[in-house]
Amino acid sequence: MKSVTAFIQARMGSSRLPGKVLKEINGIPVILHIVMRLKQSRYIDNIVLLTSFNKENDELVELAKRHRIDVFRGSEENVLERFQQASQKYPSEHIVRITGDSPFVDAGVCDLLLQAYFEKQVDYAYLSEHFAEGVDCEVFTKSSLSSLNTAELRESEREHVTLHFYENKLNQFSTYEMQNTTDDSSYRFTLDTPEDWQVIKELARFTNDTVNINYQSIKNILDAHPLIKQINSQVIRNEGLAISLQNEQH
């Protein structure tokens, strides 16, 4: 049986929405939402929270420990190194990367990606942008992660863990982009800005079971209430990555 570990990358010091991972949806902190939803996966064997040594993350770590969630702490800026070190402490053949801004990450979508990843036998698999922003997940082999020399990579590649796999400029990795059956790129229920938080609070008004609500049901709510969908429609997708890449050009 292949071992699969989900690494949730999260911290308290988000520039646009500080402390977002401890905000509560129907009384349950975002980080616990993510963990509980990932536990529904058929393939994920272990879940580890990856955060930094910064003191502001102590509260997040305490919460995780109270709920018996494994925690690894590493560099704030060099997130790739944090992942590499965590993969040594929590060995696993395959790593699923989840970010702390995905309170409605969908285990069903993760499982479809993992299934395709195993079938294609690739180093790295990811979702196309035709999936909604909010169900993001990626999977890669531990051996590929270990092969990266952080000292040789650009700052953006150290901050955005899978950027080097995604760009694959030297064609050293086999990659697979999973397509969606519909174009859901206009849906956004990730948590990165105050507008995103408004959308998530509105979504929570329509269900008491935010831990189990699935991807399709969230889309149905947003379709039925276009004004909610509009709240964060101006937010740029993957803005943090775009800023990092832009900064490198100056």
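Mentor: Buried means under 20% relative accessible area, exposed means over 50%, and partly exposed lies in between (1.4 Å probe, protein chains only). The model is predicted: local features need pLDDT of at least 70, side-chain atom pairs count only at pLDDT 80 or more, and totals for chains, interfaces and linings use all residues. Residues are numbered from 1 along each chain as its sequence is written, and side-chain values use heavy atoms, with hydrogens and water left out.

Trainee: Which is Arg-97, buried or exposed, and which is Glu-138?

Mentor: Arg-97 and Glu-138 are both buried.

Trainee: What makes Arg-97 and Glu-138 a salt bridge?

Mentor: The term needs a side-chain nitrogen of Lys or Arg within 4 Å of a carboxyl oxygen of Asp or Glu. The closest N and O atoms of Arg-97 and Glu-138 are 2.6 Å apart, so the pair qualifies. Arg-97 belongs to strand S6 (residues 94-99) and Glu-138 to strand S8 (residues 138-141), so the bridge ties together parts 41 residues apart in sequence. Strands (E, at least two residues) and helices (H or I, at least four) are DSSP runs, numbered from the N terminus.

Trainee: How do you know that Asp-192 forms a salt bridge with Lys-20?

Mentor: Their closest N and O atoms are 3.0 Å apart, so the distance meets the limit. Asp-192 sits in the loop between strand S9 (175-178) and helix H8 (194-205), and Lys-20 in the loop between strand S1 (4-9) and strand S2 (24-25), so the pair ties together parts 172 residues apart in sequence.

Trainee: Why is Asp-192 called buried? And why Lys-20?

Mentor: Asp-192 has 14% relative accessibility, so it counts as buried. Lys-20 has a relative accessible area of 8%, so Lys-20 is buried too.

Trainee: What makes Arg-188 and Glu-133 a salt bridge?

Mentor: The closest N and O atoms are 2.8 Å apart, so this pair also passes. It links distant parts of the chain: Arg-188 is in the loop between S9 and H8, Glu-133 in the loop between strand S7 (124-127) and S8, 55 residues apart. Arg-188 is buried at 7% relative accessibility. Glu-133 is buried at 9%. Salt bridges with shared partners also join Arg-154, Glu-157, Glu-167 and Lys-169 into one network.

Trainee: How many salt bridges does the structure hold?

Mentor: It holds 14.

Trainee: Asn-168 and Asn-171 next. Why does Asn-168 count as buried? Why does Asn-171 count as exposed?

Mentor: Asn-168 has 11% relative accessibility, so it is buried. Asn-171 has 65%, so it is exposed. Asn-168 lies in the loop between helix H7 (163-167) and S9, and Asn-171 is also in the loop between H7 and S9. Neither is a glycine, but phi is positive: near 45° for Asn-168, about 55° for Asn-171.

Trainee: What makes S7 and S9 a pair?

Mentor: Pairing requires that DSSP finds at least two bridges between two strands. S7 and S9 have four, in the parallel sense, so they pair. Leu-127 has Met-178 in S9 as its bridge partner.

Trainee: Which strands stand at the edges of the sheet, and why?

Mentor: The open sheet has seven strands in the order S5-S4-S1-S6-S8-S7-S9, with mixed pairing. Strand S5 (70-74) and S9 each have a single partner strand, so one side of each is left without a neighbour in the sheet.
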